[in-house]
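Here are a few exercises to work through with the model open beside you. Try each task before you read its solution.

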Amino acid sequence: MKQIMLVFGYTFRDAVKKKAFVISTVIILALILILSMLPRGIEFFSQTDDDGTQSAEKPAETQESPDDLPRCYYIDENGLIADGSRVLSEVLGGVSVTEGTEGQLDAYREEIRKDGDVSAVWITEQDGRPYLHVICKDFMSGISSGDVTDALSNACLRQELAKQGLDEKAITAVTAPLNMEVEAVGELDLTGYVLGIIFTMLMFFAIYYYGYGVAMSVATEKTSRVMETLVVSAKPSRILLGKCLAMGALGLLQFAGVILFSVICAGLFLPEGFTIMGAELSLSALTPYTVLFLLAYFVLGYSLFAMLNAVCGASVSKVEDLNSAMMPVSVIAVLSFYLGYFTTITSSENGMLQKIAMYLPFSSPFMVPSRLLNGGIGTKEMLISLGILLVSIVLLALISIRIYSASVLHYGKRQNPLKIYQRNS
Amino acid sequence: MSLKVDNLCKAFGDKIAVDHLSFQMDQPGVFGLIGTNGAGKTTTIRMILGIMRPDSGSATWNGKTISRDTLSFGYMPEERGIYMKNKVIDQLIYFGRLRGMTKEAASRSALTYLERLEVLEYKDMIAEKLSKGNQQKIQLIATLIHEPELIFLDEPFSGLDPVNTDLLSRLIRELTAEGRYIVMNSHQMSTMEEYCRDLVLLHQGKTILTGNLRQIKNSYGHTNLIVSAGQDVSGVAESCGLTLLEKRANETEYKIRGDEMANAFLRGLIEKGIYPTKFQIMEPSLNEIFIEKVGSSQ
């Protein structure tokens with residue numbers, strides 16, 4: 001244990017002093033500072049504009065000419081929807097609506113094919129009712145067909161009701177949209193959802209960045225032959241554990257610092273009642289219970305991948321070969337991240353894929369924390385998932401230590417870790 | 001105290017790295033582990049130190065298997081390995097503490113050795129800023145910091161200038177006088193000849209010579225003759241059947257077959273009125289024995 005702590009201390013101090021760590025920390029903190037000051041900055045400039053104190057000094061804003069605006073051709077030669085062009089202009093704010101003719105349709109189509117800002121709405125008759133054709137370049141461009149359908153359907157309805165003899169007041173009363181309110185009774189709130197996604201991203205960052213740190217540290221010691229001095233003093237298993245612990249602690253320290261700084265910045269700079277997409281910023285999802293489990297998943301998730309990365313670092317004879325050696329672990333990490341991330345954002349239900357992501361040791365650190373913050377997972381499920389993760393780490397650690405011990409003094413052509421394991425078992 | 005290596009074997013796939021190696025070191029001093037490149041010297045050292053498992057055989061110190069926990073040993077590998085981006089004193093203390101020393105004891109020992117090897121002024125310097133020779137001294141201090149009983153030095157003199165070679169030579173003599181057991185490997189045969197009492201010569205994993213260096217040399221008898229004279233002696237040498245080995249600036253070395261041949265040569269010189277200023281009859285050098293043994297084993 002003493003040697004593990006010695007390796008831990010030395011590796012930790014060494015990593016903290018590294019330029020890469022200092023620069024990345026400074027950049028992250030600067031970004032947080034800028035982001036937290038942004039709302040106040042926007043507020044300040046909006047106020048000065050409203051007061052007109054600076055308006056006189058500002059150059060006159062250039063007006064966009066109708067030619068620069070996105071265009072929409074409205075073709076209704078039979079006048080099936082009265083006043084359709086005006087209705088369309090109102091609903092498509094910022095789009096110049098021009099009346100067109102059916103004879104020009106092919107020319108319009110050619111123009112639309114070349115320019116994604118141009119679209120057309122063509123009204124024909126089918127079964128005695130107006131039929132809408134929305135022509136646009138592709139599904140990524142053009143106007144919203146839903147908005148167009150809603151607006152013109154409404155105009156059509158008003159036209160029919162007027163024909164039936166209803167007055168304007170009655171028509172407005174009949175066609176007015178109903179008031180509505182969404183009441184969520186589940187535990188999924190915006191802050192928890194956003195925090196979950198952020199945690200998943202941070203988890204991936206930690207596994208990638210600090211895992212790479214472990215691999216690099218091991219590879220550097222091996223290729224610089226320091227390992228030959230180390231390995232006669234301490235067992236390879238102790239060196240491996242000390243290194244993994246040090247890089248993990250470094251990650252936790254950086255995260256803790258970033259979170260603390262974020263909270264301080266939020267308190268100092270964010271305006272009162274600040275909202276994101278209408279939801280007030282709150283950390284109510286972070287209870288001691290959730291923080292405890294988040295910490296457990298961070299530590300265990302990192303440990304799982306750190307063991308694999310250490311083996312990658314030990315398998316190379318040149319630092320330049322490290323990236324290719326890490327490729328299999330990187331692929332596992334990326335696939336696990338996407339599995340965890342998509343099963344989190346796509347559904348809150350517990351389908352088969354969700355269950356796989358929850359219990360698979362490689363994906364659970366990406367998936368469970370987000371579910372936990374959104375109340376989508378029970379304590380029993382989480383403990384099973386943690387248990388599987390823990391057992392996997394122990395098994396993987398035993399295998400990794402064996403491969404690491406055998407390959408750390410092997411130089412020359414890179415060997416297959418599986419063969420090394422078999423040869424030394 | 002004794003180091004006993006008994007029938008050590010190690011193979012990597014089809015390649016036999018060490019083949020039934022045995023030797024014993026019963027008293028303090030320097031033991032030579034000599035061999036060609038790829039002879040299995042480093043593998044042997046790793047097996048003795050317990051950082052590589054032998055396929056068969058054993059290495060014991062006072063009858064006990066050697067391990068990191070049971071024996072205080074020091075190992076200076078052939079390839080120098082120190083933390084290039086770290087301060088000299090910091091890493092020496094770290095290496096000392098890994099060998100079970102307290103921070104204070106490691107610091108004290110590091111400073112003592114830094115002074116002894118005349119590199120104390122570099123203690124707060126980043127290792128990469130030191131010259132290759134000074135980096136090597138730091139590596140040596142990392143090997144000796146915990147005052148080990150058994151020391152393995154792999155090519156300790158490579159990269160050292162004459163002044164530092166002399167400094168290291170003195171240190172090795174002092175360590176031997178202190179009662180340390182040193183197993184040394186070097187390609188510089190003159191160095192090995194200077195320090196080693198006993199040796200083992202390896203070639204492609206096999207032991208081709210082992211024993212006491214003096215006895216080995218004695219077994220060869222007088223085979224070399226160095227002569228230095230003011231006049232040309234080649235005619236006399238040729239008539240006496242001597243074989244020219246090397247002609248140097250002020251002397252010439254010949255191969256002889258026994259003392260009688262040397263006597264006949266000396267008589268021949270005197271008869272011609274040539275009185276040599278140097279006439280040295282010798283055993284073969286370790287370098288010659290090495291080349292002869294390796295050549296005959298191929």
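**Exercise 1: Chain A as a whole**

Among contacts in chain A between residues at least 6 apart in sequence, 75% join residues at least 24 apart; two residues are in contact if their C-beta atoms, placed from the backbone, lie within 7 Å. This is a predicted model, in which local features need pLDDT of at least 70 and side-chain atom pairs count only at pLDDT 80 or more, while totals for chains, interfaces and linings use all residues. Residues are numbered from 1 along each chain as its sequence is written, and chains are lettered from A and ligands numbered from 1 in the order in which they are written.

Task: find how many helices and strands chain A has, and what share of its residues is buried.

Solution. Chain A has 15 helices and six strands. Next, call a residue buried if 20 or more other C-beta atoms lie within 10 Å of its own, with C-beta atoms placed from the backbone. Of the 425 residues in chain A, 34% are buried.

**Exercise 2: A helix pair**

Task: describe how α5(A) and α6(A) pack.

Solution. Step one is geometry: α5 (residues 145–163) and α6 (residues 168–175) of chain A pack at an angle of about 140°, with axes 10 Å apart. Axes are lines fitted to C-alpha atoms over the stretch in contact, and angles run from 0 to 180 degrees between N-to-C directions. Angles under 35 degrees count as roughly parallel, over 145 as roughly antiparallel, 65 to 115 as roughly perpendicular and the rest as oblique. Therefore α5(A) and α6(A) are oblique to each other.

Step two is the residues: N154(A), L157(A), R158(A), L161(A) and A162(A) of α5(A) meet I171(A), V174(A) and T175(A) of α6(A).

**Exercise 3: The sheet of chain B**

Task: give the strand order of the open four-stranded sheet in chain B and name its edge strands.

Solution. Two strands pair if DSSP finds at least two bridges between them. The edges are β2 (15–25) and β5 (64–65) of chain B, each pairing on one side only. Now look at one pair: β1 (residues 3–12) of chain B joins β2(B) over seven bridges in the antiparallel sense. V5(B) has F23(B) as its bridge partner in β2(B).

**Exercise 4: Where the chains meet**

Task: work out how many residues each chain brings to the contact.

Solution. Chain B gives 19 residues and chain A gives 16 residues. On the chain B side, α1 (41–49) and α2 (88–98) each supply at least two residues.

Methods: A residue is buried if 20 or more other C-beta atoms lie within 10 Å of its own, exposed if 12 or fewer, and partly exposed in between; C-beta atoms are placed from the backbone.
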